[in-house]
Amino acid sequence: MKLETSFNNFLKNTVNLNEARYQTAKSGVETITSVLQNDELFGDKFIEVKPQGSFRQETIIKPVDSDIDFDVDILFEMDKVDEWEPADYLNKLSSQLKKLDRYKDKVDTRGKTRCVTIDYESDFHIDIIPTIELGTGSVVMNKTTNQYEQTDGDGYAQWFSNKNTVTGKNRLVKTVRLLKYIRDSKAEFDV
């Protein structure tokens, strides 16, 4: 029992993202959701914004180095625009956000291909991943190749949640957090 308590304290105090950072990220997601809903170009195409990746699976960890930030991934579900090519979704979203004073110097500073990134002044960034439904299912866009790519963020999130339930006591989430912490602190391998 003593080791379990020590382990949980280690996760809470060293590995896990602290509550203040989590709330800051959550607030950033709420703000960008509102911006997208009210945008002159994207507002009428808006369907939903959903957290994804480690933010959704609750496997997000505190950066081990103060020079490293953490990321929050969100899927921006929107209506398909027949006249747009895959790269247009990302390029137009980036352009729209750069028009806003609050984001103009914070958008796409990382050169990612499947999302629009907003770098906040604190220690995190949000990756906005536009997604639409095609006959083949949900797709994201790759602006480098100008191609659609299949995705199933909800399917993966459900699978992960089910596996976490099977392990009991949130053990899968804790294990993933620990592996990510070891990866980042040792910088010797990828997970």
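The model is predicted, so local features need pLDDT of at least 70 and side-chain atom pairs count only at pLDDT 80 or more, while totals for chains, interfaces and linings use all residues. Residues are numbered from 1 along each chain as its sequence is written, and side-chain values use heavy atoms, with hydrogens and water left out. Helices (H or I, at least four residues) and strands (E, at least two) are DSSP runs, numbered from the N terminus.

Two packed helices are described by the angle between their axes and the distance between the axes. Helix α5, residues 153-167, packs against helix α6, residues 171-186, at an angle of about 105°, and their axes are 6 Å apart. Axes here are lines fitted to C-alpha atoms, for helices over the stretch in contact, and angles run from 0 to 180 degrees between N-to-C directions. The angle makes α5 roughly perpendicular to α6 (angles under 35 degrees count as roughly parallel, over 145 as roughly antiparallel, 65 to 115 as roughly perpendicular and the rest as oblique). On the α5 side the contact (heavy atoms within 4.5 Å) is made by F160, K163, N164 and T167, and on the α6 side by R171, L172, V173 and V176. These residues divide into four nonpolar, two polar and two charged. In this division Ala, Val, Leu, Ile, Met, Phe, Trp, Tyr, Cys and Pro count as nonpolar, Asp, Glu, Lys and Arg as charged, and the others, Gly among them, as polar.

The loop between α5 and α6 holds N170. The phi angle of N170 is near 65°, a positive value in a residue other than glycine. N170 has 30% relative accessibility and therefore counts as partly exposed (buried means under 20% relative accessible area, exposed over 50%, and partly exposed in between, with a 1.4 Å probe and protein chains only). E58 also has a phi near 65°, again a positive value in a residue other than glycine. E58 lies in the loop between α3 and β2 and, at 47% relative accessibility, counts as partly exposed.

A search of the whole structure finds eleven aromatic pairs. Rings of Phe, Tyr and Trp (its six-membered ring) pair if their centres lie within 6.5 Å; planes under 30 degrees apart count as stacked, over 60 as edge-to-face and the rest as tilted. One of the pairs is formed by F42 and W84, which are edge-to-face, with 5.7 Å from centre to centre and 65° between the planes. This pair links distant parts of the chain, since F42 is in the loop between α2 (19-38) and β1 (46-52) and W84 is in the loop between β2 (70-78) and α4 (86-98), 42 residues apart. F42 is buried, with a relative accessible area of 1%, and W84 is buried at 11%. Ring pairs join F42 and W84 with F46, F76 and Y89 in a cluster.

F42 is also touched by Q96, whose other contacts are D39, E40 and L41, not counting residues up to four places away in sequence. Q96 is found in helix α4 and is buried, with a relative accessible area of 8%. F76 is among the residues touched by T131, together with L75, E77, M78, S138, V139, V140, M141 and T151, again not counting residues up to four places away in sequence. T131 is placed in strand β4 and is buried, with a relative accessible area of 5%.

Side chains of opposite charge can pair when their charged atoms come close. The count of salt bridges comes to 14, where a salt bridge is a side-chain nitrogen of Lys or Arg within 4 Å of a carboxyl oxygen of Asp or Glu. The side chains of D154 and R56 form a salt bridge with an N to O distance of 2.7 Å. This pair links distant parts of the chain, with D154 in helix α5 and R56 in helix α3 (residues 53-57), 98 residues apart. D154 is partly exposed, with a relative accessible area of 26%, and R56 counts as partly exposed at 30% relative accessibility.

A salt bridge between E121 and K106 has an N to O distance of 3.6 Å. E121 lies in the loop between β3 (116-119) and β4 (124-134) and K106 in the loop between α4 and β3, so the pair ties together parts that are 15 residues apart in sequence. E121 is exposed, with a relative accessible area of 72%. D184 forms a salt bridge with R183, with the closest N and O atoms 2.6 Å apart. Salt bridges that share partners join K50, R56, E77 and D154 into one network.
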